[in-house]
Amino acid sequence: MHGLMQRGMSRVLERLLPEDVADAIVGDLAEEHALRVGTMGSRRAACWYWGQIVRSLGPVLRTAFRSGDWVPAWVVGFVAYSFAVSVEAAARAAVAPVATHTAVDAIPVLLLYAGALVLAARVAERVRTGAALAVALVVALTAVVHLVSGGPMPLWYRLVFPIVGPAAALAGGALFARRSRCAA
Amino acid sequence: MTTRSDFLGSLEQIVLLALVRLGEDAYGVTVRMEIEKRTGRNLSIGAIYATLARLEAKGYVSSQTGEPTAERGGRAKRHFRVEAAGLRALRASQRAIENMSAGLRKRWEST
């Protein structure tokens, strides 16, 4: 599980930073994590590792933004996000006439929205590296805003979406990356 | 005359001093550990690399990629070294602190 999450984190860093820098950071974390497993045990070493990841995100994001490479990725990501939101709105409108006015009505909307996010993020990543991550960040931000401020969707939808939405966008990016690696 | 951009932030000074101490062996892990050992500050690796990126952009530090190793999951190290401009900026910053704090020891020790 830890190894799987390590690989996932590497992918995120590779999207944010130049490949050699991301490589060095992931390698440094792996090296120090291995040292700490010997001195403090695997559980505490894993806590240290994830603490480092969480605390590193701020400085890494600031560095990525300063580099300027992120502006096009954000623009592409925002266009892709707008497409997915349009699909969600269309799905909601389509469901409305046959709605049973129960929490179940939101299930097809969630599935369509998640599917649209996977597709949009995949295409966005193809257009610009890092765009899928931008989509995931925008989705996460808007999902948290909806969770706090309320809205037309049921509570379960607003609770689930902050996890499903960004995961769908990241899955879209990963799908494109996987296909690119296979083609290479 | 020292310009505003010549002044280093405190973290930049600490990272540069760590690079000077470590010499050839300066890379992410050793820099982070050296700072933790000498200052007690448990910095994140992201903060170290963000500072190094700033210093590299200013021409104070240069870096080169090493060979990938097994204990790093096949990832390469990134070695850093301080350039002459970095040493000059470090000396200027240290001098500025010394000048500003000269004669003040009694004052802050009495409070």
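This report describes a predicted model of a complex and takes up its confidence, its chains and their contact.

## Confidence of the model

The structure is a predicted model. For the complex, the predictor gives an ipTM of 0.86 and a pTM of 0.66. Chain B has a mean pLDDT of 90, and 94% of its residues reach 70 or more.

## Chain B: overall layout

Chain B contains five helices and two strands.

Chain B has 111 residues, of which 33% are buried. Among the contacts in chain B with a separation of 6 or more, 48% join residues 24 or more positions apart.

## Chain B: two helices that cross

Helix H1 (residues 10–22) of chain B and helix H3 (residues 45–57) of chain B have axes that come within 10 Å. The axes cross at roughly 90°, and H1(B) and H3(B) are therefore roughly perpendicular to each other.

From H1(B), the residues that meet H3(B) are B:Leu11, B:Glu12, B:Val15 and B:Leu16. On the side of H3(B), the partners are B:Ile48, B:Thr51, B:Leu52, B:Arg54 and B:Leu55. By class, this contact of H1(B) with H3(B) has six nonpolar residues, one polar residue and two charged residues.

## Chain B: the strand pair

Strand S1 (residues 61–69) of chain B pairs with strand S2 (residues 75–82) of chain B. The pairing is in the antiparallel sense and runs over seven bridges. Within the pair, B:Thr65 stands opposite B:Arg78 in S2(B).

S1(B) and S2(B) form a hairpin with five residues between the strands. In this hairpin, B:Gly73 takes a positive phi near 65°.

## Chain A: helices H5 and H6

In chain A, the axes of helix H5 (residues 106–127) and helix H6 (residues 131–149) come within 7 Å and cross at roughly 140°. An angle over 145 degrees would count as roughly antiparallel; H5(A) and H6(A) are therefore oblique to each other.

H5(A) brings A:Leu117, A:Ala120, A:Ala121, A:Ala124, A:Glu125 and A:Val127 to the contact. These meet A:Ala131, A:Ala132, A:Val135 and A:Val139 in H6(A). The residues of this contact of H5(A) with H6(A) divide into nine nonpolar, no polar and one charged.

A:Ala73 lies in helix H4 (residues 70–95) of chain A. Why is A:Ala73 counted as buried? The cut-off for a buried residue is 20 or more other C-beta atoms within 10 Å, and A:Ala73 is buried because it has 23.

Some residues around A:Ala73 come from elsewhere in the sequence. A:Ala73 and A:Val127 are 54 residues apart in sequence, but 8.6 Å apart in space, C-alpha to C-alpha. Leaving aside neighbours within four places in sequence, A:Ala73 is in contact with A:Arg128, A:Thr129, A:Gly130, A:Ala131 and A:Ala134. One of these, A:Ala131, is in H6(A) and also takes part in the contact with H5(A).

## Where the chains meet

The contact between the chains takes 21 residues from chain A and 17 residues from chain B. On the side of chain A that touches chain B, helix H2 (19–40) and helix H3 (42–67) of chain A each supply at least two residues. H2(A) gives the most to this side, with 13 residues.

By class, the residues on the side of chain A that touches chain B divide into ten nonpolar, four polar and seven charged.

Note on methods:
Residues are numbered from 1 along each chain as its sequence is written. Chains are lettered from A and ligands numbered from 1 in the order in which they are written. This is a predicted model: local features need pLDDT of at least 70, side-chain atom pairs count only at pLDDT 80 or more; totals for chains, interfaces and linings use all residues. Two residues are in contact if their C-beta atoms, placed from the backbone, lie within 7 Å. Helices (H or I, at least four residues) and strands (E, at least two) are DSSP runs, numbered from the N terminus. Ala, Val, Leu, Ile, Met, Phe, Trp, Tyr, Cys and Pro count as nonpolar, Asp, Glu, Lys and Arg as charged, and the others, Gly among them, as polar. pLDDT is the predictor's confidence in each residue, from 0 to 100. Axes are lines fitted to C-alpha atoms, for helices over the stretch in contact, and angles run from 0 to 180 degrees between N-to-C directions. Angles under 35 degrees count as roughly parallel, over 145 as roughly antiparallel, 65 to 115 as roughly perpendicular and the rest as oblique. A residue is buried if 20 or more other C-beta atoms lie within 10 Å of its own, exposed if 12 or fewer, and partly exposed in between; C-beta atoms are placed from the backbone. Two strands pair if DSSP finds at least two bridges between them.
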